[in-house]
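Please keep the sequence and the model in view while reading.

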Amino acid sequence: SKLRVGLIPGDGIGAEVIPAARRAIEALGSDIPKTEFVDLEAGFELFARSGDALPEETVEALGECDCALFGAVSSPIKKITGYSSPIVALRKKLDLYANVRPVVSVAAKGAEDTKPVDLVVVRENTECLYVKQESQTTSERGKEARAIRLITEYASQRIGKMAFELALGRPRQVFTIIHKSNVLSVTDGLFRESVRSVPRLVENGRYDNVKIEEQIVDSAVYRLFREPQIYDVMVAPNLYGDIISDAAAALVGSLGLVPSINAGDNFVMGEPVHGSAPDIAGQGIANPLASIRSAALMLRHLGYTSGADRLERAVNEVLYEAQVLTPDMGGKSKTQDVLDEVIRRL
Ligand code: NAI
Ligand code: MG
């Protein structure tokens, strides 16, 4: 059978790092089935050209793919009529309810890692403030804006289940629920309760060995910087998960290293955690490793373990042995140099 991979580079450095990830997958050879790539469009640049940020053809074509890689899309800070972020829409349309973001540090050769990080943020991907139901009114005191924050038992339990399953595959099996129930007792309270209820819903003590902890989100960020090694699996509502995973990325050197997958029950989409990086776009210096690692996560999710292992090993060797590094990591190498070294190591 064939593996069909949709490619959506999007905007900015997406157009530089997604082709690199494609080349790395191609270099895997017989570790994975014969692969066919499908080039697809989405993003702000497309919107500016055509008035449509996420064409129906792209969504339909993804339906014919086994998985996809998504680069990044630019979203203006000011509201632009007719534009809304295609990645948020795609997560909803394809029901990619989990955003899984592993953050791992590997010590440089010969050096000691004093703050080892090996955690995974499991972020709920469909609700919370990202339902984007915002409104503005005017009172006698001026403008007032509101946003709806939706938390459901259903979505909180299914993200909880995915996070417990991930914990089972990890050596430490520590599981931390991130919330702010002390202030938002109804919404975050429901998230916390729903995640906590998951072990009771599965048969005969499947998660009995998982150590369940919880932490208020603000102090979780503090402890993340002070003692990141205490964390293993962190499960969080959408917005907290977004913020925590970017913060965790700072602990391992660069956003350009941190991968993710958007996963549902029927589809998986790899996506680097970083954005379109307009400040460096077009210069050929974007770090492709987050995208290559995202490809590895995507393959692992589909069960192609040996291909995923090889990709991840090659990335780690480039980082910590060869030290072929782009400027975000303090190096002088180009995107292409890093890719060439990854392929050599494969
Ligand atoms: P960003 O992640 O694009 O960039 C933040 C900083 O990290 C910049 O200095 C950038 O040069 C650097 N950086 C990021 N990825 C890098 C890489 N692979 N190699 C080297 N350096 C890298 O975040 P920013 O600047 O806040 O957002 C830029 C645009 O991206 C915005 O329009 C935003 O809406 C969009 N964005 C899109 C996301 C997505 O598509 N999922 C996620 C985050 C932001
Ligand atoms: Mg983010």
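Two residues are in contact if their C-beta atoms, placed from the backbone, lie within 7 Å. The model described here is predicted. The protein chain has eleven helices and twelve strands, and its domain assignment gives domain 1 (1–96 + 266–346) and domain 2 (118–251).

**Overall form**

- The radius of gyration of the protein chain is 20 Å, which agrees with the value near 20 Å that a compact globule of 346 residues would have.
- Along its principal axes, the C-alpha trace spans about 60 × 50 × 40 Å.
- Of the 346 residues in the protein chain, 45% are buried.
- When contacts between residues at least 6 apart in sequence are considered, 74% of them join residues at least 24 apart.

**The two domains**

- A distance of 25 Å separates the C-alpha centres of domain 1 and domain 2.
- Where the domains meet, five residues of domain 1 are in contact with six residues of domain 2.
- On the side of domain 1 that touches domain 2, three residues are nonpolar, none is polar and two are charged.

**Helix 4**

- Helix 4 comprises residues 86–93, and its buried residues are P86, I87, L90 and R91.
- Viewed down the axis of helix 4, these buried residues fall within an arc of 140 degrees, so they line one face of the helix.
- Strand 3 (67–72) and strand 11 (261–263) are among the elements that cover the buried residues of helix 4.

- Most residues other than glycine have a negative phi.
- D95 follows helix 4 and has a positive phi, near 50 degrees.
- D95 is placed in the loop between helix 4 and strand 4 (98–104).
- D95 counts as partly exposed because it has 15 C-beta neighbours inside 10 Å, whereas a buried residue needs 20 or more.
- A277 also has a positive phi, near 45 degrees, and is a residue other than glycine.
- The loop that holds A277 runs between strand 12 (268–270) and helix 9 (289–301).
- A277 is buried, because 23 other C-beta atoms lie within 10 Å.

Methods
Residues are numbered from 1 along each chain as its sequence is written. Chains are lettered from A and ligands numbered from 1 in the order in which they are written. This is a predicted model: local features need pLDDT of at least 70, side-chain atom pairs count only at pLDDT 80 or more; totals for chains, interfaces and linings use all residues. Domain bounds come from an automatic or database domain assignment. Ala, Val, Leu, Ile, Met, Phe, Trp, Tyr, Cys and Pro count as nonpolar, Asp, Glu, Lys and Arg as charged, and the others, Gly among them, as polar. A residue is buried if 20 or more other C-beta atoms lie within 10 Å of its own, exposed if 12 or fewer, and partly exposed in between; C-beta atoms are placed from the backbone. Helices (H or I, at least four residues) and strands (E, at least two) are DSSP runs, numbered from the N terminus. The arc is that of the directions from the helix axis to the C-beta atoms. The radius of gyration is taken over C-alpha atoms; the globule rule is 2.2 Å times the number of residues to the power 0.38.
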